[in-house]
Amino acid sequence: MTGTVDAIVVGSGVNGLVAAAELAKGGWSVVLVEGSRRLGGFIATEERTLPGYLHDTYSSWHPLFVSGRAYAALGKDLHRHGLEYRNTDGLVTGTVTDDGRVVLAHRDPATTAESFGHAEDRAAYLAMLRRFIDNIDAVGGILGDELRSPRVLRHIVRLLRRERFSGTEAWLRATVTSGRSYCRSAFRGDEPDALWAPWLLHAGLSPDHASGGLMLPAIAATLHGFGVPVVAGGAHLFVRAFERLLGELGVDIRTGQPVERLLLTDGRVTGVVAGGGTIRARHAVLASVTPTALYGRMLPPDAPVPPAVRDRARYYRYGRSAMQLHIALTAPLRWHDERLAGVPLLHLSDGSASTAIACAEAEAGLLPRRPTVVVGQQYVLDPPRVPEGAAALWIQLQELPYEPIGDAAGELDATGRWTGELTEGYVRRVLERIARHAPDLPHKVLAWNAVTPPDLAAYNPNAVAGDPYGGSAELDQNLLWRPVPGASRHATPVPGLWHIGASTHPGPGLGGGSGHLVAQQLVRSTPRSNRRRPRPSR
């Protein structure tokens, strides 16, 4: 396997797929190299439990993608190749507390705010959303652009012109504030906290981590504006649409070929060794990998990497582990609150109170006594995923230790590893937690399947220690400092090498932001005469 192309993209998660497609659309010849036998990273659909039940094995919900720049650039092409979404105009998400109280979010913010107990909270909630939307060009640009570049200055100037110094300072204060503290300072009641604090887990945060004060209104505005779209027929059809588009654009896709090392010529990365062969790149290699892999394994020792960068990459921190749990049901659940039957994605949590405790227990190596349970009911939006009259649950648990050394409830025998017995015991705890609010659950379970933290790590090398978010998103390892100080631009210290993926800005989530950013930078900066001529689209 040899050859020379304009660019090589390593890794086929959403950022790799986006980068390969946008480079090819810009006239580049591209090879996409993937170590797994299939494309997509943590995007897959399988019959994990029983025939006829389609479960999105890992990620499932696409609000970040449909609201982002990658979708704006590629959406029409992907839909032309079969991508369809199912969404809701009504209930979007909700939270069920331990005492059975339910807080619901609708697509319509005013309808959501009407249920808040304090009149001033209703006005404050709508004002929060309005302020975020009014500043979306500036704040969204800061969150989505290369932070260490002149381009971001335009967004800062735009924010200053609109918000003045005091308003801009308030945005900065929100960035260094936790989600819990933000809700305490902005609202009298606890409904916004109960509703949105558990969503911070999906950004790799806990309710007490800094930057939650910025992410909480961003998440709320995104879900109100874009809903919770799922791919019709399963998330694997998202990957299939990309595969068809890449084929149309002439991208050379090579799966089952892990990259062994990067090639260096006169201090510049000029290719990769993968699958026992060599592929050379005229202009760029884009690596969707962790900094641990990039600076510790893939780059040769003589690469021009500052020693401080290698040291920081060596001690790059990974976050809590996660588990995916899939349940096949004979029929939809009968929730105590009948409205929950129509909610696509809900949380079992007391907001910051219980979620923060569960995060602390997991980070201490303990199995949480009261885990935050993310319950997805995709069949509400996309009924053909299950047999007629049946139902399925997509459950995500984001507060787990990779090597459990104890159980906060003192019930399970945790010996430092995930055994079959431990997994079964913890699944039982999760199902009992759901059954408190849907008591018919035990009688409707036909089968279940768990993807444990070691399973995640074994399946995807970027999920180090079972962390699906590419590393902790705490503030000192996020935004200006992601992945590490000294190498926080997507252009690495090594010429010709670009770093993309969840470990880089703008961080985790199925948005394709870093892939889009780097592809557009390269297309803009490389003269068309230096690229191969693009294959005409059909």
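Mentor: Gladly! Let us begin with a term: two residues are in contact when they have heavy atoms within 4.5 Å. Keep in mind that this is a predicted model.

Trainee: Thanks! Among contacts between residues at least 6 apart in sequence, what percentage join residues at least 24 apart?

Mentor: Start from the contacts in the chain whose partners are at least 6 apart in sequence. Then pick out those that join residues at least 24 apart, and the share is 74%.

Trainee: What radius of gyration does the chain have, and how does that fit a compact globule?

Mentor: The chain has 538 residues, and a compact globule of that length would have a radius of gyration near 24 Å. The C-alpha atoms fill a box of roughly 65 × 55 × 50 Å along the principal axes. The chain agrees with the globule value because its own radius of gyration is 23 Å.

Trainee: What share of the residues is buried?

Mentor: The accessible surface of the chain comes to about 21000 Å², and 52% of it belongs to carbon and sulfur atoms. Buried here means under 20% relative accessible area. Of the 538 residues, the buried share is 60%.

Trainee: Is Thr112 buried or exposed?

Mentor: Thr112 sits in helix α4, residues 109–113. Leaving aside neighbours within four places in sequence, its contacts are Leu104, Ala105, His106, Tyr125, Leu195 and His224. Because its relative accessible area is 0%, Thr112 counts as buried.

Trainee: And how is Gly35 classed by its relative accessibility?

Mentor: Gly35 lies in the loop between β2 (30–33) and β3 (45–46). Not counting residues up to four places away in sequence, Gly35 touches Gly256, Gln257 and Pro258. Its relative accessibility is 37%, so Gly35 is classed as partly exposed.

Trainee: What distance separates the C-alpha atoms of Gly35 and Ala274?

Mentor: Along the chain, Gly35 and Ala274 are 239 residues apart.

Trainee: Which helix supplies the largest share of the lining of the second largest pocket?

Mentor: This pocket has a volume of about 480 Å³. Of the 17 residues that line it, the closest to its centre are Ile142, Ile156, Leu172, Thr175 and Leu479. By class, the lining has 15 nonpolar, two polar and no charged residues. Both α6 (136–144) and α7 (151–175) supply at least two residues, and the largest share, seven residues, comes from α7.

Trainee: Which element gives the most to the lining of the largest cavity?

Mentor: The largest cavity holds about 80 Å³ of space, and its lining divides into six nonpolar, four polar and two charged residues. Among the residues that line it are His55, His326, Tyr379, Arg385 and Trp394. β4 (55–56) and β17 (391–400) each supply at least two residues. With three residues, the element that gives the most is β17.

Trainee: How many charged residues are in the lining of the second largest cavity?

Mentor: About 40 Å³ of space lies in this cavity. Its lining is made of Ser354, Ile357, Ala358, Glu361, Arg369 and Arg370. By class, two are nonpolar and one is polar, and the number of charged residues is three.

How values were computed
Residues are numbered from 1 along each chain as its sequence is written. This is a predicted model: local features need pLDDT of at least 70, side-chain atom pairs count only at pLDDT 80 or more; totals for chains, interfaces and linings use all residues. Side-chain values use heavy atoms; hydrogens and water are left out. On a 1 Å grid over the protein atoms alone, a cavity is a set of points where a 1.4 Å probe fits but cannot get out, and a pocket is an open set with protein on both sides within 12 Å along at least five of seven lines; lining residues have an atom within 4 Å of a point. Grid points are joined across faces, edges and corners, and a volume is the space filled by probe spheres set on the points. Helices (H or I, at least four residues) and strands (E, at least two) are DSSP runs, numbered from the N terminus. Ala, Val, Leu, Ile, Met, Phe, Trp, Tyr, Cys and Pro count as nonpolar, Asp, Glu, Lys and Arg as charged, and the others, Gly among them, as polar. Buried means under 20% relative accessible area, exposed over 50%, partly exposed in between (1.4 Å probe, protein chains only). The radius of gyration is taken over C-alpha atoms; the globule rule is 2.2 Å times the number of residues to the power 0.38. Accessible areas come from the Shrake-Rupley method with a 1.4 Å probe; for residues, only the protein chains shown count as cover.
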